[in-house]
Amino acid sequence: MKRLLSTFALAGAMGLCAFGAQAATKLEQVKSKGFVQCGVSQGLPGFSNPNDKGEWSGLDVEFCRAVAAAIFGDATKVKFTPLSAKDRFTALQSGDIDILSRNTTWTITRDTSLGLNFTGVTYYDGQGFMIRKDKKVNSALELSGASVCTQTGTTTEQNLADYFRANNMTYEVIAFATNDEVVKAYDAGRCDVLTTDRSGLAGERLKLTNPDDHIVLPEIISKEPLGPVVAHGDDQWFDIVKWVLYAQLNAEELGVNSKNVDEQLKSAVNPEIKRLLGTEGKYGEGMGIGNDWGYLIIKNVGNYAEIYDRTVGPDTPLKLARGLNALWNKGGIQYAPPIR
Amino acid sequence: MSMTFDDGTFIRNEMAPVLPPPTQRIGAVAWMRENLFSGVLNTLLTVFGICLVALIVPPFVRFMFLDAVWAGENREACLGPEVGACWPFIQAKFGQLIYGFYPISERWRVDIVFAAGALLLVPLMVLSWPFKRINAFLFFVAYPVVAFVLLTGGNINASAFLLERFGLIRGLVGDAQIAGVNLVFWVDYVLTALLVMAAIGGLIALLGGSGRSAARTTFWVFLAFGLLIFIWDVDVGLDYVETRQWGGLLVTLVIAVTGIVASLPLGILLALGRRSQMPVVRLLSVVFIEFWRGVPLITVLFFATYMLPLFLPQGTNPDALLRALVGVALFSAAYMAEVVRGGLQAIPKGQYEGAMAMGLTWSQMMRLIVLPQALTLVIPGIVNSFISLFKDTTLVLIVSIFDFLGQLRASFTDPNWATPVTLYTGFAFAGVVYFLFCFGMSRYSLFVERRLNTSHRH
């Protein structure tokens, strides 16, 4: 009888243990499984697309690698789940993925009513217009009466309607179901103007027969701040993901990059750099990760400028200028709170 | 009748030379007159057909071969005014189209699985070759087990069976592991097997049956399962490759083959169930079939992938590909059931009555008399289901599993290969690949049909 009782007690204790394990924080879960599960798009040029080696590459992808580097010191400890626009939030809510880094626009609806938190802005995008050079149009305000190619059922279409109405201009929409159809129609001359997000325009332009015959107009008619998203309910995880981006921005501001980071670690005198790289202060502790988290991010992945340049920057086929995404002290609006 | 035959002047002594038939009756011209231009309507149709071919074929050939680019490093090679297919794009992405994100250093494992599958399938499909029984056993039983180990790396985490869920075993044996095999699990498994055997044997004996034979059957079932789990449990030293990394043709084939192999027996069972005299079996079959036929495949996949984890207890998270596989198999089984039922209904009542008059049991009657005839009748329907299943596998893209087409679409987004012709090239290639598979299935079904069509030849 005694033995039976003790067996039951043991069973009860194990049950409790099992229960305790389930209530673990996101960071503990991630550490115990040994990788970060990251939701990316099923393919968006420069943001997340498979490269020739069969690996995911792009700005959104690099961000997830940076999170993995901060936690594990190893940028490869991340697994990617390609998600369609429809299931991205469901996948995050069900815990299928730890971070959603999928060119997702930060809006009030998404931030407040879906049980999600946006952790920052990795790319400031906005809707723009592309037009043939020979139309001799220099501003979107001269587009009255134009026919515009766009995708059906997107916010792009709504923004377009808002913009033309606000400026009292007439236009004709020619809408298609998929992006590829839109580009083909524009290339074939079925419409005067092609509109979508500016980063998208850069990608679509590559598919045109003569990319150099087209220009992107300077006006940006919508705000599309794209950023990583985490689920509600774990503030520690929210902090980590948020500060990974800030560390990369601060690193660029302080001139620390993956090439000089080892040297900086040894010889830097600037206290800001020392705090970033973890030689001074214990800033990782507050997030439950190592104090060298900043160093690990820069060493393994790089600072914001490095990531930008190798995924969408001027040297890539997309040739996107920094624009709004330049640092605040260089004409852009990327601004990170200080590490101290 | 005043002919005289005496002098022989009116009788030929030699055969008249064979004259060639009138030119209008033979040769290409006559064939065309007869088959292509026999009437006004026929002539019009012929002209229309020729126009269609002339319209489609030359641009197609020009795009695919004459104007095509055959070598290059990136998009620069495929830019230009009159450029056809961009084959370097397919070359660069070929590995991904076949293996998906499967690690490059481990791709030999997939190659072995492909090769072994082909080696086992071909002799199985050539009807006249011997050793069908062994061959079928190897293909349907041994091959999936080995393929699973090769593709995933085996060494599944079998840590608890039944009793350990109540925490009864670990206290007894501790945490011993030998070659990746968890002792807790196996003690648990053996004890559970003994318990279940005793329970079933006792129950049957109580009900007046043969408890011993029931227990023996249970033993064999447990042994077979145990063997299966053991093979998957042993650490054979292969790296673990999770199914998320699978993709391309590999995923298409895994889903299609599993769906095809699983849906036929399931479908036959369901069809028999639907025609059964037993009300419960019939009701269950009808409900199952009508449910799965009434729900779109996309809904099934979406539900299995994103909704199921919300219902299951936390921690039990079946593999995404597995969930899709089960969904596809059940879905196609429902369709298969109706195809087979069509065949069953076409068998004359006399066949059943004859079989019963011979004293055959129900299962003998079905196995030896009815099903062979019914299945032969519905071969076109069955293959039709197979082909549509093969193409429907593309739908797994919506649950983020990249099959062949999904992988291709993802490749389109690589800015290094974004050109005006990339899209066309990719889809042309995909079309050729899908066509080869589906046409192959279709031709093989025709061959089997002719071969088995012994009784209905007119």
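Helix H12 of chain B, residues 320–346, comprises 27 residues and extends 40 Å from its first C-alpha to its last, close to the 39 Å expected at 1.5 Å a residue; the expected span is 1.5 Å times one less than the number of residues. H12(B) is mostly covered, with 19 of its 27 residues buried. A residue is termed buried if 20 or more other C-beta atoms, placed from the backbone, lie within 10 Å of its own. The model is predicted, and local features need pLDDT of at least 70, side-chain atom pairs count only at pLDDT 80 or more, and totals for chains, interfaces and linings use all residues. Residues are numbered from 1 along each chain as its sequence is written, while chains are lettered from A and ligands numbered from 1 in the order in which they are written.

Chain A contains 13 helices and 13 strands, taken as DSSP runs (H or I, at least four residues, for helices; E, at least two, for strands) numbered from the N terminus. Its C-alpha trace spans about 90 × 55 × 40 Å along the principal axes. Of the 340 residues of chain A, 45% are buried.

The contact between the chains draws on 36 residues from chain A and 31 residues from chain B, two residues being in contact if their C-beta atoms, placed from the backbone, lie within 7 Å. On the side of chain A that touches chain B, at least two residues each are supplied by several elements, including helix H1 (2–22) and strand S4 (78–83). The largest share of this side, six residues, comes from H1(A).

Definitions and conventions. A residue is buried if 20 or more other C-beta atoms lie within 10 Å of its own, exposed if 12 or fewer, and partly exposed in between; C-beta atoms are placed from the backbone.
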